[in-house]
Amino acid sequence: MKKNMIALLALTTSSLVFSQVGINTPTPTSTMDISAKNATGKSNNIDGLLIPRIDRERAQSMTGIPVSNLVYINNFASGTQTGQAINIDENGYYYFDGSAWMKLNSGGRNINLYNSDGILSDNRTVAQNDKILAFTGNSVDAFSVDGTTFSVDARNNRIGFGTKTPQSLFEIVADNKGSNAENNFYFKGYGNSKEPALILASANGTAAIPSNLANGDNIGSIYFSPRSNDIFNVATGSAINCYYRGDGSSLLTDLIFKTSNAERMRIDPNGNIGIGTNAPANKLDIRSATEGALKIVDGSQGENKVLTSDADGVATWKNIPAFGSTNIYNSNGTLTGNRVVNQDGNTLAFNSTSANGFSVGGNNFSVDGTNNRVGIGTVNPASKLHVDGGESRFSSGTSVWALSPSLGGTTGASNSFEIIDRVKSIRRMIFNDNGDVTLGGSISANSAAGVVSVRSGNNVGINTGAPKSTVDIVGNTLGIRRQLDSGSWDNMWLDVSNTFAPSINAAGAERGLQFKVGANASGTYGDAGQVITTVATMTPTGNVGIGTETPAATAILDLNSTNKGFLPPRMTTAQRDALNPKPAGLMIYNTDLNCMQYWNTSQWKGDCSGTTIPGTVLSLTCASATNTGTLANGTAASGVTSTIPYTGGNGGSHGGQAVSSTGITGLTATLSAGSFVNGNGTLTYAITGIPSGIGTASFAVNIGGKTCTLTRPVVAAEGVISTLNCAGATHAGTLTGGTAASGATSTISYTGGNAGSHSGQTVTSTGVTGLTATLSAGNFANGNGTVTYTITGTPSSAGTANFAINIGGKICKLTRNVNAPVGSVSGINCAGAITTGTLLAGSSASGVASTISYTGGNGGSHAGQTVLSTGVAGLTATVTGGSFANGNGTLTYTITGTPTSAGPANFAINIGGKTCILSVPVEITSYVCKTEGTFIDPNNPQNYYLCIRQNGIMYYYVFTCPQGSLFDNVSKRCVIQ
């Protein structure tokens, strides 16, 4: 106890001689003089006098209480409000007056609108003079009068009449207030305030710096909104809209009236009123797609009346006056002079449904309105245009042509129709009703011949009017040429005027003249189904080929066939010898000797003894070869053969053949010597060697007098590799969850490639699904190389996508990281944050966290955030990296560190593209005595506590060391620093 008093004496020694005690002052001016440690400035140290704090039960239980004893009741719920505690009905300061505890302010706590609700005891007037009275708040119903009568929404800057939750800047709600005046909205003016106005004004810019409107800007609108489908839908009701139609300097505006969200009437800037049009052209412009758009009822209306104006412009309904003049509508008449109707852009239509609905000069011109026909020379037209009465002429400038029906045609014809050149008075075409047609040239009479005459017997004559055959041409030549002018040398003609004999002439026949024959039992003339064979060819140089289109240039006659022979004249020896004369080279087949013989100018020569027959075939078909074995690039051929069929073997011998490949080289096709069979058979070529590449090996087969090309495919050897390195893959492009992959590839290296082929691979991802890795078919390199997989698809989420690679006999797992999309939110609510744990000044934070809600998360990732506190320093708020939810969610910031003082600790939150200020209160550390003694204040080392136990209850007193000293918790005294 002595130690405790030592500390107390250290505070008061300088003042004991004067019987005055000073705390934080060496010159006390009263019995107890307590000076603030920091009387001015912004220090966050706590100054003041801490009165003993007890609950009501303790105050009720005290005995021998001296008058003026002062306490602070911190719990008025304990004990009862009786006896000396009769006045303790709330927490606060109380002093003892000798019989009971009294509130320090005698009249009770100072009740005012800052701490209590209340009732005015009388009318009140606030005389502000030149002072302002401002109410600031941030809640929805921050200020109100009479419940919903008047409410200010300070959070959203709105005012409501009849509602506490206005949905716009200014909202009036009448909720079942009755009819008439209770629902009305009045502007009343009296005297010089009469003519009240409702003004809707708009400008661009800001209130401080307004700017002019642009053409088309909305000045203001009045909407009439019905409630339907459980909402007030402003857009679907009626409205009055006003738009600016000027250039920023003029005062041009319009008014648009709508019902059911559709424009019904418009008044344009010129005062024109449009109904059914948004561009009225007149003062009143009414447009409608249906009749009866305008209705005027004034009592004078009636059927078949017209609206007529008097001299003052007043319109009334009047009967249609009777016409007093004769006109085309009510009478026949006679023109008194020539008349001209100037139509300009207007049309003049005569609508009739009678047979002769419109006519000129009787039957000169008639319109049949019943059958939609026109007659010239007849009032009963039988077709769309019917001309009766003779010739019809058509002219242009000096050209005049006539169409003329006439009686009596050519022989056997009764009527005809002629086309006549009236300038030259020559018939150019005649059609007779017996089927004869004559055209061209100068046809002087129906029976004369034209250039072409078609007669009813289906004969056609050229230069003859009496053809004797299907086509009968009178003349010297018949020709055909490829084209006019430059190509006219390609031609062919028959000439019957040739001096020696009729001739067939062909010019421009660089490759000769061909004779083609076809034996066809089907198809049509000129049809592609006709099979035509070239039988013989005559070249311009005099060579003749039979069975070939290209006779040898050195042969006057070139015979070529694989299934036909040359059959010379066959005769006996006696018949041969009777030949006279016998030119040198004359050849025959001697049927007596069975051999060929020729005349050498003096005797018949020929080898008629027996000889070995050389082998020949009629056809050799490489395309139908039967192939065995496979040819692979770089691999020696083994067991590879091709068997080629032939027809028409003559049983003769052949010497075999060895053919080197072209295209893909390195191979040889070998046929052993042997003999052809009589008839059809096969030849087997053995293929050896090592192909030089991949592709087609071609062999030029030439045997038995026939040739063909044998082809064999050479494929790549099956590709294999030694190793496949997925772990070292090179990646291009970035994969992001929910975003279609673009330009993403992974290139994997391998070793030991054999240059063989592979068919590629398509692999779907696991882990993160939705992706496909694709390798196109190709070949491995000889040795080391790479394969590149293209990655497509849309990853299902963020994380790792795995691909099971299996190629060239090796497998490995390819992994690709899939990033989360950049996280964002549409709103973050620091004001509504929920904080768990308590921050105490000077105490290390433990278990303190603030959970902040957000809206509109996109599921993307964020990197977290670390924020240092302001206001109260020393704290850090940390949220770790992660991902936002899709939609609404929360973020939890963990608060660590030691706050330097009490008060609000503010953290500038900035995450997901949104910012807000998180404010967490730091409370004063409440000291708890665990045992009697003197102990340093953990919040402020200049202060210390004296803990004393009285009647089993622990009390503590707070003391402050003099300026410039701190309490030493070891020596238990204030030590000058």
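Modeller: Let us begin with contact, which means heavy atoms within 4.5 Å. Please keep in mind that this is a predicted model.

Colleague: Which residues does N356 touch, leaving aside those up to four places away in sequence?

Modeller: With those neighbours not counted, N356 touches S366, V367 and V379. N356 itself is found in the loop between β22 (315–319) and β23 (358–360).

Colleague: What makes the pair of N356 and S366 a polar contact between side chains?

Modeller: The two side chains come to 2.4 Å, and the cut-off for a pair of N or O atoms is 3.5 Å, so the pair of N356 and S366 counts as a polar contact.

Colleague: Why is N356 called partly exposed?

Modeller: The relative accessibility of N356 is 34%; buried means under 20% and exposed means over 50%, so N356 falls in between and is partly exposed.

Colleague: How do you know that C726 and C812 form a disulfide?

Modeller: Their sulfur atoms are 1.8 Å apart, and a disulfide requires a pair of cysteine sulfur atoms within 2.5 Å, so C726 and C812 qualify. The pair links distant parts of the chain, with C726 in strand β58 (residues 723–732) and C812 in strand β68 (residues 810–819), 86 residues apart. The angle about the S-S bond is 55°, and the link of C726 and C812 is right-handed.

Colleague: Why do C726 and C812 count as buried?

Modeller: C726 has 7% relative accessibility and C812 has a relative accessible area of 17%; the limit for buried is under 20%, so both cysteines are buried.

Colleague: What makes C929 and C947 a disulfide, and which parts does the pair tie together?

Modeller: The S to S distance between C929 and C947 is 2.0 Å, and the limit is 2.5 Å, so the pair is a disulfide. With -75° about the S-S bond, the link of C929 and C947 is left-handed.

Colleague: Why are β74 and β78 said to pair?

Modeller: Two bridges join β74 to β78 (residues 903–911), and pairing needs at least two, so the strands pair, and they run antiparallel. Within β78, A905 is the bridge partner of G871.

Definitions and conventions
Residues numbered from 1 in each chain as written. Predicted model: local features only at pLDDT ≥ 70, side-chain atom pairs only at ≥ 80, totals over all residues. Heavy atoms only, no water. Helix = DSSP H or I, 4+ residues; strand = E, 2+ residues; numbered from the N terminus. Buried < 20%, exposed > 50% of the residue type's maximum accessible area, 1.4 Å probe, protein only. Polar contact = N/O pair within 3.5 Å; in protein donor to acceptor, adjacent residues only side chain to side chain.
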